[in-house]
Amino acid sequence: MTMELDVFVGNTTIMDEEVYQLWLDGYTVNDAVKVRMDGGVMEECEASADVLLSDTMDQYRTFQMCERLLHSPSKLGNQLLFQIPPHRQAMLIERYYTFDDAFVREVLGKKLSKGTKKDLDDIGAKTGVTLKSCRRQFDNFKRVFKVVEELKGPLVENIRHHFLLSDKLARDYAAIVFFANNRFETGKRKLQYLTFQDFAFCAGQLISNWTVGAVGEPSVLFPSFVCYMDVDLDKEFLQELKELKVLITDKDLLDQHKSLVCTALRGKTKAFNEMETNFKNLSRGLVNIAAKLTNTKDVRDFFIDLVEKFIEPCRSDRWTAADIRLYLTHYNNSAHILDTFKHQVVWDRYMGVVKSCIFKMYHD
């Protein structure tokens with residue numbers, strides 16, 4: 001008696017995306033099995049508990065074997081041990097480097113060192129992220145930082161090229177690297193209302209406009225600017241910001257600036273009286289922030305200074321987001337009409353970033 005059998009042989013590595021996510025989230029095998037059972041996978045696949053356990057263990061072993069390749073994503077496409085289709089490789093890499101916003105918010109701006117790593121237990125308890133996942137995410141931040149810190153050229157492009165990440169995720173990592181390099185203060189109580197995405201947006205503005213790589217041409221102090229990457233603030237620009245102090249030290253200029261702004265604002269907002277009354281204090285706040293950015297500590301305090309010197313006073317007077325946008329637009333533009341003010345280029349470079357950051361940071 002003869003028997004005919006249909007046989008299919010393949011060597012494509014089978015990976016369940018749900019199980020992969022459970023592994024990334026730090027679930028143990030037994031916890032992952034429970035989650036899968038609660039999700040109805042046994043009924044869906046008509047599998048027993050033993051088969052589900054065996055499948056989960058097998059997938060976990062595969063992920064652990066792939067992990068060393070994920071540390072250098074380009075190796076994943078060049079190795080022969082695992083036959084993984086390109087679209088699946090992209091998924092593995094993207095998810096491995098994806099992070100929890102609650103977790104990154106706790107470490108943003110801190111030094112990516114052993115000292116910070118010791119705090120991961122507490123951070124995990126606070127954010128609800130498992131310790132294993134915290135360690136993976138922290139090690140990813142540190143790994144990306146180490147790879148790109150000595151590279152020339154655009155930070156986002158370097159991250160995208162070396163780690164094969166999507167544009168959005170590469171930009172988020174650029175923000176993390178930028179904040180870690182410059183040690184911006186983000187943990188103060190007054191800044192707790194700001195999300196990681198708020199800071200990531202501001203980082204993008206700073207990288208695009210205030211770094212050496214954003215200059216577009218060699219500077220006097222740093223003629224070989226291409227040797228610097230986008231995490232290094234343009235020191236020559238920061239020195240030039242001191243010239244803006246004339247806007248508040250020259251009484252005639254200050255009065256003229258106020259008059260131009262108030263003339264433009266009159267009749268356009270219910271907050272006009274507060275804008276007129278507080279103009280000099282708000283202008284001093286913004287200009288003094290600029291003038292102090294040559295000091296490392298004041299660079300670190302950039303965001304807390306924006307909150308204390310501008311956002312809080314406006315919030316106490318109940319300005320709306322529209323009021324903020326209106327005021328800063330005329331405040332910035334009016335400086336161009338001042339006859340004796342000769343620093344418009346530096347002013348625009350400074351205020352362009354400050355306006356964008358305040359618009360993002362000001363929550364009604």
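Is Arg 160 buried, partly exposed or exposed, and at what relative accessibility? Arg 160 counts as partly exposed, at 26% relative accessibility. Here, buried means under 20% relative accessible area, exposed means over 50%, and partly exposed is in between (1.4 Å probe, protein chains only).

Some ground rules before we go on. This is a predicted model, where local features need pLDDT of at least 70, side-chain atom pairs count only at pLDDT 80 or more, and totals for chains, interfaces and linings use all residues. Residues are numbered from 1 along each chain as its sequence is written, and side-chain values use heavy atoms, with hydrogens and water left out.

**How confident is the predictor?**

pLDDT is the predictor's confidence in each residue, from 0 to 100. The chain averages 91, and 93% of the residues score at least 70. Over residues 217–227, though, pLDDT stays under 50. The model has 14 contacts beyond four places in sequence for that stretch, a contact being heavy atoms within 4.5 Å.

**Salt bridges**

Side chains of opposite charge can pair when their charged atoms come close. A salt bridge is a side-chain nitrogen of Lys or Arg within 4 Å of a carboxyl oxygen of Asp or Glu, and the structure holds 19 of them. Here are some, with their N to O distances:

| Glu 17 | Arg 95 | 3.0 Å |

Take Glu 17 and Arg 95, which form a salt bridge. This pair links distant parts of the chain, 78 residues apart: Glu 17 sits in helix α1 (residues 17–24) and Arg 95 in helix α6 (residues 86–97). Helices here are DSSP runs (H or I, at least four residues), numbered from the N terminus. Glu 17 is partly exposed at 32%, and Arg 95 is partly exposed too, at 26%.

Lys 117 lies in helix α8 and Asp 139 in helix α10 (residues 131–148), so the pair ties together parts that are 22 residues apart in sequence. Lys 117 has a relative accessible area of 34%, and Asp 139 has 25%.

Asp 167 is partly exposed, at 35%.

**Helices side by side**

Two packed helices are described by the angle between their axes and the distance between the axes. Helix α13 (residues 196–210) packs with α21 at an angle of about 170°, with the axes 9 Å apart. That makes α13 roughly antiparallel to α21, a label for angles over 145 degrees. Axes are lines fitted to C-alpha atoms, for helices over the stretch in contact, and angles run from 0 to 180 degrees between N-to-C directions. On the α13 side, the residues that meet α21 include Phe 201, Leu 206 and Trp 210.

Helix α21 (344–361) also packs against the buried residues of α20, as do α16 (251–265), α17 (272–291) and α19 (302–316). Among those buried residues of α20 are Ile 324, Tyr 327, Leu 328 and Tyr 331.

Lys 110 is in the loop between α7 (101–107) and α8 (114–117). At 37% relative accessibility, Lys 110 counts as partly exposed. Leaving aside neighbours within four places in sequence, Lys 110 is in contact with Thr 116, Ala 180 and Arg 183.

Definitions and conventions: Helix = DSSP H or I, 4+ residues; strand = E, 2+ residues; numbered from the N terminus. Parallel < 35°, antiparallel > 145°, perpendicular 65-115°, else oblique.
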